[in-house]
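The sequence and the structure are shown first.

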Amino acid sequence: MSKKDYNEGISFRNKISTVDTEGKRIWVVAKQPKGRFYTWRQLVGYGLLAFLFVVPFIKLNGEPLLMFNILERKFIIFGAIFWPQDSYLFALIMLLFMVFIVLFTVVYGRIWCGWACPQTVFMELVFRRIEWLIEGNPTKQKQRAKDGWTLSRIFLRATKLIVFWLVSFVIANFLLAFIIGIDEVFKIASEPISQHFTGFMVLMIFTTFFFWLFAWFREQACVVMCPYGRIQGVLLDAKTISVAYDYLRGEPRKGITQEGEKEGDCTNCKQCIAVCPTNIDIRNGTQLECVNCTACIDACDNTMDKINKPRGLIRFASEENISKGEKFKFSGRIKAYTLVLVLLFTFFITLLVTRGSLEATILRTPNTLFQMQADGTISNLYNIKVVNKTREDIPVVIKLKSHKGEIQMAAGELVVKAKETTESVFFVKLNTKEVKGAYIEIVFGIYDLKGNELQEVESTFVGK
Ligand code: SF4
Ligand code: SF4
């Protein structure tokens, strides 16, 4: 294979699109797309950015709407507080989420990457726009690069990097707000650094990371780092919807026809490559670098409009659609997968909504045996631990569900403090007739003062 072939992309599968034959980085200077998909993508992206910047300010009953405090293992999702005791629920939700992602990707490909991934949204709709604004369009940028480090280029590059740093700082603040809450972030910003040194350092680390990511690493995150991108190869099949080039219609592209051969619709204008943020030629087929951003669809549609050919030479379609010359249709397979996705999502929401407000564990007090009482009953001593996941104190009553007997609280009424774990001790007295063995299973009910059962808890009772 000649070096020329290699460079021209004939061997595109042997190398990634952002590294040349010498192993050096190819700096991607993508052109701004224009078209209906870009308009939609901007609407989705700016909607997501608004969500990111507004949500930390929204509070529900004094708590943030969303918070993922990894340090204290406290998570708030749309007002519902999750504690370390809910980790089983989290594990289940994560498992569901993984299944959801796999199924979604099998059917819809990498749509998430191009349309909703924070990396793409920030890179394409924030940082690249700033770059276009300060350093000009790709043609100007390339011209300046050819001219070398002139004073004006140094000035523009420095301005861009300062703005990138400031925007990274803003993003870091909001990311931190999702972890520790906006009030804490305000404290870090307004009080002396010495009082919040750790928080300040975390903020600086986040800022530096975002700056590095968007000023230097950029599309490499999608091409070489993102694990989701890496597993695409095993998730996509011939029926998966992706951004695809219709080679039946496009080939032979202009300029490579043999004698007597009729040209296809591809004019070889290479606009699809010019707008690609990962620097690939989609005409080579589905590639791991493609984030399904649809910029090439818009670029190609614009070319087709100019030459009065139908749009859709590059479009959303499966490999099977393209090879059979079919239009995209909602097949039975897509409907079935979508139904499973909807069911999974519903199950996921149900798990969140139906989660109990209290979580109690009742265990016999360690190293204690039973006691024979003067009234002929047998008593056991228990420890109760109750986690209150709500924002209000909840007075509770413990009752025996499985046996007739008496419960005596050692420290009076049990009030479970809001957002805390409360512990207490109580005696259970059972009539000897009720105790039919050395160990028996007993069931408690935890009730609120209105008599609503909040939880059922099993334990053991020792007698005889
Ligand atoms: S090939 Fe098209 S859809 Fe894929 S990343 Fe490039 S421009 Fe986006
Ligand atoms: S934009 Fe369309 S017409 Fe132009 S090179 Fe790409 S596929 Fe061919």
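## Cavities

A search of the whole structure finds five cavities of 30 Å³ or more. A cavity is a set of points, on a 1 Å grid over the protein atoms alone, where a 1.4 Å probe fits but cannot get out; lining residues have an atom within 4 Å of a point. Grid points are joined across faces, edges and corners, and a volume is the space filled by probe spheres set on the points.

The model is predicted: local features need pLDDT of at least 70, side-chain atom pairs count only at pLDDT 80 or more, and totals for chains, interfaces and linings use all residues. Residues are numbered from 1 along each chain as its sequence is written, chains are lettered from A and ligands numbered from 1 in the order in which they are written, and side-chain values use heavy atoms, with hydrogens and water left out.

## The largest cavity

The volume of the largest cavity is about 120 Å³. It has 17 lining residues, and those closest to its centre are Cys276, Ile280, Ile282, Cys290 and Cys296. Helix 14 (271-274) and helix 15 (295-306) each contribute at least two residues to this lining; helices are DSSP runs of H or I with at least four residues, strands are runs of E with at least two, and both are numbered from the N terminus.

The lining comprises 12 nonpolar, three polar and two charged residues. Here Ala, Val, Leu, Ile, Met, Phe, Trp, Tyr, Cys and Pro count as nonpolar, Asp, Glu, Lys and Arg as charged, and the others, Gly among them, as polar.

Of its 15 lining residues, Cys266, Cys269, Cys272, Cys300 and Leu313 lie nearest the centre. Helix 15 provides the largest share of this lining, four residues. By class, the lining has nine nonpolar, four polar and two charged residues.

Ligand 2 takes up the space of the second largest cavity (more than half of its atoms lie within 2 Å of the grid points). Residues surrounding ligand 2, each with a heavy atom within 4 Å, include Tyr245, Cys266, Cys269, Cys272, Arg283 and Cys300. This shell divides into seven nonpolar, two polar and two charged residues.

The chain is divided into domain 1 (1-60 + 109-324) and domain 2 (358-462), with bounds from an automatic or database domain assignment. Their C-alpha centres lie 59 Å apart.

Leucine 430 belongs to strand 14 (residues 421-431). Leucine 430 has a relative accessible area of 0% and is therefore buried (under 20%, with a 1.4 Å probe and protein chains only). Its C-alpha atom is separated by 77 Å from that of aspartate 298, 132 residues away along the chain.

Technical notes: 1 Å grid on protein atoms, 1.4 Å probe; cavity = no way out; pocket = protein on both sides within 12 Å on 5 of 7 lines; lining within 4 Å. Buried < 20%, exposed > 50% of the residue type's maximum accessible area, 1.4 Å probe, protein only.
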